[in-house]
Amino acid sequence: MAGLPSSEPLAEVIKEVLQNSDQTLAVEKINEFLDKQNNIPLNIAVTGESGSGKSTFVNAFRGINNGDDGAAPTGCVETTTEVTAYPHPNYPNVVLWDLPGIGTTKFPANKYKKHVGLEKYDFFIIISDTRFRENDVRLAKKIRKMKKKFYFVRSKIDRDLQSEEITCKSNFDREKTLTKIRDNCIQG
């Protein structure tokens, strides 16, 4: 940074250039810092059991539909069989990684971390299409052990609501059902 050590905190660099009455250089340094911040790569792994809606989530997050050009393939059978990167269309530093499902014969839970290289991702989204399961807990524990963060996302809730409505008929309460699902996720 113009002769100043790069390890010096931004506030100190800006303070020094302002004390030297160099506002142009201060603006330049602030912009340089902001550009650098906007270009820090963020690798987000989307994981969970096979068939939970991981690839559909990747597509929705990127603002595209299943089947569109460049969309993550989706299907009614195990579709994602290798780790695949999908850059975000509006944020070039953000990459969503569609991981194969945990707990299949191709990706057994006890070898999953090594198969998909969990340690190389910055953040995780665990997708589940049902109640919190053993594999979800296993993933959450492995991620926490690596001192990384995750979100738990419950997918396909529309199916649960439809099923509950059919089962309960006249006693169906959408908000009550959603609260029950939400509480179950938090408890898990």
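**Close-up views of a predicted model**

At 56% relative accessibility, Tyr151 counts as exposed because the cut-off is over 50%. The views below come from a predicted model.

**View A. Tyr151 pairs with Phe123.** The two rings form an edge-to-face aromatic pair, 5.4 Å centre to centre with 70° between the planes. Phe123 lies in strand E4 (residues 123-128) and Tyr151 in strand E5, so the pair ties together parts that are 28 residues apart in sequence. Phe123 has a relative accessible area of 18% and is buried.

**View B. Trp97, Tyr121 and Phe124 make up one aromatic cluster.** The ring centres of Tyr121 and Phe124 are 6.1 Å apart. Their planes stand at 85°, so this pair is edge-to-face. Tyr121 is buried at 0% relative accessible area. Phe124 is buried too, with 0% relative accessibility. The charged end of Lys120 sits over the ring of Trp97, 5.9 Å from its centre. The structure holds four aromatic pairs.

**View C. Helix H7 spans residues 174-187.** From first C-alpha to last, its 14 residues reach 20 Å, close to the 20 Å expected at 1.5 Å a residue. Asp173 caps the N-terminal end: one of its side-chain oxygens lies 3.1 Å from the backbone nitrogen of Glu175.

**View D. Helix H7 has a buried side and an exposed face.** Thr177, Leu178, Ile181 and Cys185 are its buried residues. They cover an arc of only 100° around the axis, which puts them on the same side of H7. Their cover includes strand E5 (149-154) and helix H6 (157-168). The face turned away carries exposed Lys176, Lys180, Ile186 and Gln187.

Technical notes. Residues are numbered from 1 along each chain as its sequence is written. This is a predicted model: local features need pLDDT of at least 70, side-chain atom pairs count only at pLDDT 80 or more; totals for chains, interfaces and linings use all residues. Side-chain values use heavy atoms; hydrogens and water are left out. Helices (H or I, at least four residues) and strands (E, at least two) are DSSP runs, numbered from the N terminus. The expected span of a helix is 1.5 Å times one less than its number of residues. Buried means under 20% relative accessible area, exposed over 50%, partly exposed in between (1.4 Å probe, protein chains only). The arc is that of the directions from the helix axis to the C-beta atoms. Contact means heavy atoms within 4.5 Å. A polar contact is a pair of N or O atoms within 3.5 Å; within protein, one must be able to donate a hydrogen and the other to accept it, and residues adjacent in sequence count only if both atoms are side-chain atoms. Rings of Phe, Tyr and Trp (its six-membered ring) pair if their centres lie within 6.5 Å; planes under 30 degrees apart count as stacked, over 60 as edge-to-face and the rest as tilted. A charge sits over a ring if NZ of Lys or CZ of Arg is within 6 Å of the ring centre and within 35 degrees of the ring normal.
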